[in-house]
Amino acid sequence: MQHFIETQQFTKESLTELFKLSSSLEGARERSLEGKILATLFYEPSTRTRLSFESAMMRLGGNVISVESARETSSDVKGETLEDTIRIIGQYADAIVLRHPEIGSAARAATVSKVPIINGGDGAGQHPTQALYDLYTIEREVGRIDGIHVAIVGDLKHGRAARSICYLLGKYDVRMTFVSPPELRMRDDIKEYLAEHEVPYSEVERLDGVMREADVVYQTRIQKERFASPEEYERLKDVYVIDRALADSMKEGAIIIHPLPRVGEIAEDVDDSPHAVYFKQVGYGVTVRMAILKTILGGESDILRPPAI
Ligand code: CP
């Protein structure tokens, strides 16, 4: 049984293998997971992660049971612990995709689960399947990962997808720039990881120069739900807005990606820019999640290492 909790479970070689499988699944409809049941258990709001996992499971011939808004609609309301909920759902389903507001919740769930846990976002911790399809998007749209300059922009302190992709990029020969206000800088654990893996990175506050230089601009949302102070959020929420002029300043072949949802940090008139691939990225999300489900439920290969829990 394989849990998928954090991106550190992948090696560069296993990423290549996963992306090869993903590529073979683009547009596929098959019956390889017929008879299998996926549970999606979401304690935080989601559009993409829950529905794309459900779509991926159905495209592979499997079935889905789902709890959305679990904080309001599950027996969490009556005081049931996450651990007991996982023990129960594990008797209804063959795998569980969990989204929960607490860092480490997916790892906690995995310690009691009899079925694979897939981390669909644990607070400001990690969002590993998001990072996988972010990286897949880069490979598909830029054509390579080694040798590129990636800028990650916005709320780097709270952004779990931004944290997760750093662990993946650390396996490649890339250069990174973190663009954020001082209050929202990338946390030290990620910077230490990059330093250990000899990935050159810098931290800047201005976006305009980076837009001209980067091969990939990974824009992120300022995460209102993670701020203790509403005033602080209001002060920072529009700190980086990519408008059409900024998009037009990018190098030929450079791309803008975003985990979405966006709430104003990319102007709508950027959407038809040749650099804008954030909606195409969503489609890659279904494909990569199909590959993850096939790996975990279909015994496709030994792609994943065990998580460090
Ligand atoms: N990117 C992402 O996780 O989107 P959702 O919150 O809609 O799932």
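Which polar backbone atom lies 2.8 Å from a nitrogen atom of the ligand? The atom belongs to Pro-259. The legends below describe a predicted model, in which local features need pLDDT of at least 70, side-chain atom pairs count only at pLDDT 80 or more, and totals for chains, interfaces and linings use all residues. Residues are numbered from 1 along each chain as its sequence is written, and side-chain values use heavy atoms, with hydrogens and water left out.

View 1. An oxygen atom of the ligand lies 2.7 Å from a backbone N or O atom of Thr-47. In the side chain of Arg-99, an N or O atom is 2.8 Å from an oxygen atom of the ligand. Of the 250 Å² of accessible area (Shrake-Rupley method, 1.4 Å probe) that the ligand has on its own, the protein covers 91%.

**View 2. The shell around the ligand.** Residues with a heavy atom within 4 Å count as near; among those surrounding the ligand are Pro-45, Ser-46, Arg-48, His-127, Gln-130 and Leu-260. The shell comprises 3 nonpolar, 5 polar and 2 charged residues.

**View 3. The ligand between two domains.** An automatic or database assignment gives domain 1 (7-126 + 283-297) and domain 2 (128-281). Because both domains give residues to the shell, the ligand lies between them. Their C-alpha centres are 24 Å apart. In contact (heavy atoms within 4.5 Å) are 33 residues of domain 1 and 30 residues of domain 2.

Note on methods
A polar contact is a pair of N or O atoms within 3.5 Å; within protein, one must be able to donate a hydrogen and the other to accept it, and residues adjacent in sequence count only if both atoms are side-chain atoms. Ala, Val, Leu, Ile, Met, Phe, Trp, Tyr, Cys and Pro count as nonpolar, Asp, Glu, Lys and Arg as charged, and the others, Gly among them, as polar.
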